[in-house]
Each structure stands twice: as C-alpha cells, then as structure tokens.
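Please examine the sequence and the structure shown below. The paragraphs that follow lead through selected features.

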Amino acid sequence: MRRTEPRLDGNSDEPSRGTRRGSPSLRLRVGFVLIAMVLSAFGARLVQLQGFDPHAYAQAAEKENLVTQVLPAQRGEILDRNGEPLADSADGLMITADPSVTAKTAPALATLLANKLNLDYTSVLTDLQGKAKGAGPHFVYVARRVPAAKAKAAVAAAEAKGFKGLYTADDPIREYPAKDVAANIVGFLGTDGPLAGLEQSLNGELAGKDGKETYEVADQGTRLPLGPSTTVKPVDGTDVHLTIDRDLQWYAQRVLQQADEKSDALNGMAIVMDVKTGEVLALADDPTFDASDPSASPKADRGARSLSEVYEPGSVEKILTLSSLIDAGKVTDRTKLSVPGELHREDTVIHDWFPHGIIPFTLAGVIAQSSNIGTVLASDRFGTGQLHSYLEKFGLGQRTNVGLTGESPGILPSMSQWTHEIQDRVDFGQSVSVNALQEISAVNAVANGGVRIDPSLILGKAVTNTGQVVGTDVATSHRVVSQKAATQMMKMMERVPDPKTGTAPQTQIPGYRVAGKTGTAQRAVNGRYDGSLTVSYAGFAPADNPRFTVYVVVNDPRKGAIGGGVTAGPVWQKIMSFALRRYGVPPTNTKPSNLPTMWGKGVNHHGRP
Amino acid sequence: MSSTAATAARSVRRLAAWADPVALRRARLTVVPRPRARAPRLPFVALVSAILLGGVIGLLMFNTSMQQAAFVENKLSVQASNLAARQQALQSDIQRLNDPQTIAAKAQAQGMVIPLDPAVLHVPDGKVDGVPTPATADNTPQLWKHQPKPTAPVAGGTSTSTKSTDKLAKQADAPKHHHKLAASAG
C-alpha cells in the first residue's frame with residue numbers, strides 16, 4: 001500500500017512561480033534547517049540540564065533564589081488559677097538581612113543597628129557581611145526576639161537613611177511579667193530552649209509546632225509576587241493553667257523572704273494547699289530567681305527546692321505517727337502516759353527539747369508540748385512494720401509527680417532496713433527524709449478527714465515530657481486513717497497554738513480555730529548531723545472545717561530565737577491569715593478543743609509542765 | 001471485490017505511465033484554483049489594531065490597578081502590624097502594672113498596709129465574724145531583699161546505713177543543746 005506522498009520539495013520540472021522571492025522550496029528548506037538548528041541547541045541544553053547532574057543545577061537555582069524562613073509557633077501561656085499570666089508570649093520580631101545587599105554598606109548599617117538594638121557591633125557586622133556562621137547568600141539573622149515596636153523602629157530608621165536589605169519576621173518573645181513570683185515553678189526559657197521548671201517539663205504542650213515558608217526572591221532580594229512559594233502554617237502551643245494563686249504566691253514569697261533574712265536562714269519553703277482538692281495555691285521557695293533575668297541568680301536558686309531538696313521533717317512527723325497509732329486502735333487522744341526525762345533505747349538516749357522529770361502527759365499533751373519521749377513510748381504499741389505501711393500510705397518515699405522534673409522521692413527506710421532503733425527516730429521525724437510537698441500532702445490527709453489527695457500544680461491535665469499525665473483531672477485520693485483518727489488528731493493539734501498548753505502561740509488567728517504542729521529537726525548535711533536545724537510549722541484552718549493547709553520550712557536559721565514556733569510560726573500565721581481573708585473563709589464559730597494535756601492529781605489538766 | 005477492481009485500475013495506470021507518461025499527466029483531473037476574492041484590507045487592519053491596542057491598554061490598566069492594590073495592601077499591613085506592636089506594648093505595660101509587686105510597692109508608698117487578722121462582716125445584719133483588729137504594718141512584708149545572700153551547698157538527705165545510725169545515736173540528744181536557743185519547741 002503505497003500512497004503518493006505530497007511532494008513538498010516542489011516540482012523542479014514545473015515552471016517556478018514567484019521568481020522574485022526565490023523558490024518556495026528553497027525557502028522552506030532553509031527555514032527548516034534554521035529551526036532544526038535552534039531546536040537542536042535547545043535539545044542539547046535540555047539534555048545537559050536534565051541528563052547530567054540535574055540536582056546540582058536545581059540546588060544551585062534554589063540557593064540563588066529561594067528563601068526558606070521558619071514561621072515560629074506562638075508558645076502557650078502559663079497562667080495562674082485566675083488567668084493572670086505567669087509566662088506569656090509577646091509579639092517579637094526577628095531582624096534578618098540579605099547579605100548580598102547589605103554587605104556593601106555593612107559598617108555604617110551595623111553601627112546604626114548596634115546602637116538602636118543594643119547589640120554587639122562586631123557580630124552585627126559579620127552578619128551583615130554574610131560571614132556569620134549559618135548565613136546564606138540571601139538570608140542571615142541579625143537579631144532575634146526583639147520587641148516588635150523596637151525592631152520596627154530600628155528597621156524604619158535604617159530605611160530612612162537609605163539602607164536596604166533588612167527584613168523583619170514574627171519571632172515571639174517569652175515574658176515573665178511577675179518576675180520572681182512562681183519562677184521556681186514556671187521556670188524559664190533560654191535562647192535555645194526551655195531550661196527549667198514547667199517550661200521544660202511541659203515543653204511538649206507549650207511549644208507548638210513551627211511552620212515554614214519558602215519563596216523566591218529576585219536578584220535584589222525583593223520577593224517575587226507570583227513566584228513559587230510554599231507555606232506550612234505554624235501550630236500554636238497549648239496554654240497551661242496552674243493551681244497557683246499569683247497574689248497568694250507573691251505574699252508567701254515575700255513573707256518567707258523576710259523571715260529568712262530575719263533569721264539569717266539558708267533557705268526556706270512555704271506551701272499553701274487547698275484541703276479538699278489538693279490544689280497547691282502557693283509554693284514558695286526562698287531564695288529564688290527572677291524568671292525574666294535568670295542569669296542574675298546562682299544556678300542552685302533556679303529550681304524548686306520544695307520538691308528537689310529532701311530534709312528530715314522533725315516533729316511535724318508526729319502528726320503522721322500518732323494519727324496512725326490512733327487509727328490502728330492502739331491509743332486515743334486521751335491516752336495517759338508517764339513520760340520520763342530521758343529514754344534509754346539500745347545504744348541511744350532519747351531526750352525532749354526541755355529537761356524534765358516524769359510528766360503525766362496525755363497523748364494530746366505529747367503533741368502540744370512536742371515530746372519525743374512520749375511519742376516513742378506511745379509508738380511502742382505499733383505492730384512490726386505497721387508504721388512503715390502507714391507512712392507509705394501517707395505518700396512518704398514516693399514522688400508527688402506534680403509535673404516538675406527533678407523531684408526527689410525522699411527516703412523512707414525500706415522494710416528490710418526497718419529496725420526498732422530506726423522506728424524510734426522515725427516516730428519523731430528523724431531518719432526519714434521528705435520533700436516539702438510530700439510532707440504537706442501527708443499532713444493535708446489528716447486535715448481532709450484521713451483521706452490523702454494527690455497534690456496538683458496544674459488545673460485540668462497536661463502531659464509532661466516523660467509522658468506522664470499530671471493535673472487535677474488525674475489526681476487520685478485514698479483513705480489513710482479513719483475520720484475518727486483524723487478528728488482526734490485535729491483536736492490534739494489544736495492544743496499547739498493554745499498559749500496555755502502548746503508550743504506555738506504565734507500561730508493563733510483570733511476568732512478562728514487553728515490546728516498545727518511545730519517541727520525542729522537536725523539537718524543531715526553530707527550524711528551527718530552538723531548541729532544545724534530545720535524548723536517548720538504545718539497546720540490547717542479552720543480546724544473543724546479546714547479550707548487550707550499551710551506548711552512552712554526554714555532551713556538552718558542562724559540568728560535570733562530559733563524554733564518551729566518562733567521562726568516558722570509567724571510566717572505560717574501571716575500566710576494563713578492572708579489566705580483566709582483572700583478567699584473569704586469565715587470562722588466556724590465553734591468551741592475549740594479542750595482536751596486535757598496532763599492527767600493525775602495535783603496537775604493542771606489543761607496546762608503545761 | 002473492490003480491492004480487485006482497484007488493483008486492476010492501478011495496473012492500467014502503471015501501464016499507461018510506462019507507455020506515454022505525458023499523456024497520463026494531462027489526462028489527470030485537477031482542482032481548478034478558486035478565483036481569489038480580494039477583501040478590503042482596511043477593516044481587518046483596523047480590527048486587529050483595535051484588539052491589540054485594547055489588549056495593551058487593558059493589561060496596563062490591570063497592572064496599574066494590581067500595583068495600586070499592592071501599595072494599599074502594603075500600607076495597610078504595615079499599619080496593622082504597627083498597631084499590633086503598639087497593642088502588645090500597651091498590654092505589656094498593663095501586665096507590668098498588674099504585677100503584685102508593683103501594686104504592693106505603690107500601695108505601700110501611699111501608706112497602705114495588709115491587714116493582720118481576717119474578719120468577716122455580714123452586711124445584712126451587721127454581724128462580725130472573727131476578731132477585727134486595726135491594720136498595722138506588721139503583716140505587710142518587706143518588698144525587697146536587703147542584701148543578696150550567698151547560696152550554701154545543698155543539704156544531703158538522710159542515710160539509713162548502720163554507720164550513720166551510729167552517728168544519729170550519738171547526736172540524738174542534739175536538740176537538748178539547742179533548747180536554750182529555742183523559745184518554742186520542735
């Protein structure tokens with residue numbers, strides 16, 4: 001099947017038509033040759049571009065003209081229980097430059113920017129010249145996290161003087177408006193990431209996810225409006241609400257700081273807890289640091305000692321020991337004891353804080369006058385290991401897991417280590433170590449009618465970096481001692497602030513029933529007792545319908561009168577009064593407990609020895 | 001059938017071409033070229049020019065309006081971001097003024113104090129719960145540190161080894177030595 005082909009080359013034997021313009025076939029041939037040459041050149045170039053190492057060319061083009069910029073996600077805020085900001089992100093800008101444009105005028109521009117933004121001249125200069133580390137041909141960071149208004153003013157000033165090649169982009173700043181208030185909990189953000197506190201442990205919640213923008217720029221660094229561009233929007237972080245009450249926290253921190261200064265103490269802690277919910281309303285550490293200027297404080301002060309540092313609680317522990325003993329049915333608040341001046345135990349002699357002969361204390365008197373010997377004598381009625389299991393249920397030796405990293409679990413001697421001598425000392429709070437939050441949670445169990453609630457720092461819930469879910473939503477509670485035991489303990493603790501019977505008249509709040517217990521413990525420093533003390537006071541009010549538990553610890557006070565009542569007591573009283581007033585808690589108008597503290601003939605049953 | 005006929009016709013043509021090629025060419029039928037009617041050129045040129053001109057002008061105007069919109073957008077976005085920055089600065093100011101420390105310092109400067117004991121006034125019957133006491137400066141904490149304090153080493157926890165219990169035993173009466181210091185008990 002052959003067809004006659006159209007004879008495009010023309011018929012040479014036909015008489016040519018347009019002789020004036022040359023033969024059409026010749027023209028066509030020449031035309032085709034030209035087109036073929038041009039197309040071949042294109043084809044060759046195409047093969048060269050696509051066939052030999054196309055990636056290098058693509059990368060070169062990208063490097064030359066494409067700019068990728070990170071779009072920072074807005075970090076979640078950290079707010080107190082009333083929504084007041086403890087850490088928030090403000091609009092900040094990053095100032096970036098196109099070194100290919102700025103290099104020519106670098107020295108003059110660097111001088112201007114260094115002055116306006118308080119930057120180091122040399123580093124700005126190397127940035128603008130494109131010699132800084134990580135600088136691209138069209139992109140380099142000049143300054144990051146500059147307050148928006150300041151950055152805009154600086155760039156406007158540069159533009160007014162005719163400088164080109166400076167750009168700004170969003171770059172949120174972290175602000176801590178309350179400075180040192182709750183800084184021990186909130187932590188802070190370093191230039192490269194979170195360094196302490198919840199900023200660190202809840203970084204996954206707070207950080208969000210940065211977005212990315214890639215676009216093409218023209219030779220002079222101007223963005224091509226219709227050029228290829230891709231944008232991945234940033235995902236902002238989640239806000240975290242704390243149980244902390246900022247104003248109460250502030251007051252607790254200031255009162256504690258003043259007390260620490262007055263008694264020349266090493267450090268101090270004060271915690272306020274909502275009795276019914278276990279929410280921590282204030283968690284003060286002194287000394288602490290300013291979250292907006294962390295480098296001004298020593299590194300040791302940039303955390304929460306109330307969680308990271310353990311100490312022996314001393315007599316505050318008697319609350320736990322004796323409420324357990326009552327719960328076990330071994331004693332009541334009226335149990336009569338004969339307390340000698342010293343107690344010889346194996347290789348130990350136990351003393352009380354004041355020398356005395358035999359005193360006919362009731363159990364309430366033992367608490368009111370904080371008798372070590374009385375506590376040990378009563379606790380002899382415990383079965384083997386009974387106290388240990390009670391203390392475990394009170395939460396000793398286990399982390400509270402409120403969401404802060406670096407918490408120490410404390411040391412509750414294990415059952416294999418548990419000996420009679422150890423129990424004797426654990427009875428009154430030595431040979432056992434706690435962190436302050438553990439101890440207040442245990443005391444709070446007594447305030448809460450015998451039910452221990454997990455303490456919380458976070459309202460709702462949040463997931464920490466270690467994958468732990470924390471917060472009020474996941475706080476659990478369990479009964480440690482019976483309601484009856486807790487009530488008897490409360491009544492005994494009411495004898496402590498009573499000036500007629502107790503050791504801490506400083507903690508009275510006129511009109512209110514308050515229950516508390518002093519603590520004076522020897523401090524273990526580097527594994528031995530060096531003679532320094534930890535003084536503390538724990539208690540709750542109103543005693544018969546408690547709303548708050550407050551715990552104050554002062555470590556190593558060295559000046560003036562030293563003791564749980566005189567040193568920690570006034571701090572406790574001020575913080576508790578402030579809390580009661582702030583939350584409008586009225587007095588219960590019931591009669592305070594009048595438990596006998598002593599027994600027998602010839603002694604004042606409602607007095608002190 | 002038709003294919004046989006076509007083959008036959010083709011063989012005849014081939015034979016004829018061999019015999020007398022010139023005659024064959026003459027015998028072929030060709031289309032007579034249609035007489036070309038020359039349309040007047042002016043309207044066409046005018047139409048094309050009009051389209052071209054319209055297109056150019058339209059593009060120009062479109063471009064100009066795009067440009068204009070871009071300028072306006074740019075101006076407005078600068079204004080918006082300036083206003084946002086200003087709002088942020090003002091918010092920062094509010095936060096700074098709202099800081100409890102600032103409020104306390106200002107209140108103290110005006111002679112205000114934090115009251116000592118809580119008391120509750122029931123407005124309807126005028127009954128007072130608690131013991132109202134005049135407010136003094138006693139409960140108002142000092143706002144600033146007097147002097148920065150050097151930080152001491154971190155205290156260690158309790159050791160429960162036999163060795164340290166020995167030490168414990170020896171020092172168990174230590175509080176006795178401290179009782180003179182203590183105005184209140186532990």
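**A helix and its surroundings**

Directly after α6(A) comes A:Gly162, which has a positive phi near 90 degrees. Helices here are DSSP runs of H or I with at least four residues, and strands are runs of E with at least two, both numbered from the N terminus. This is a predicted model, in which local features need pLDDT of at least 70, side-chain atom pairs count only at pLDDT 80 or more, and totals for chains, interfaces and linings use all residues. Residues are numbered from 1 along each chain as its sequence is written, chains are lettered from A and ligands numbered from 1 in the order in which they are written, and side-chain values use heavy atoms, with hydrogens and water left out.

Helix α6(A) has 13 residues and spans 18 Å from its first C-alpha to its last, close to the 18 Å expected at 1.5 Å a residue; the expected span is 1.5 Å times one less than the number of residues. Its buried residues include A:Ala151, A:Lys152 and A:Val155. Buried means under 20% relative accessible area, exposed over 50%, and partly exposed in between, with a 1.4 Å probe and protein chains only. The cover over these buried residues includes β5 (140-147) of chain A and α3 (41-98) of chain B, where contact means heavy atoms within 4.5 Å.

A:Ala153 also lies in α6, residues 148-160 of chain A. A:Ala153 counts as partly exposed because its relative accessibility is 44%. In helix α1 (residues 24-51) of chain A, A:Phe32 is exposed, because its relative accessible area is 56%.
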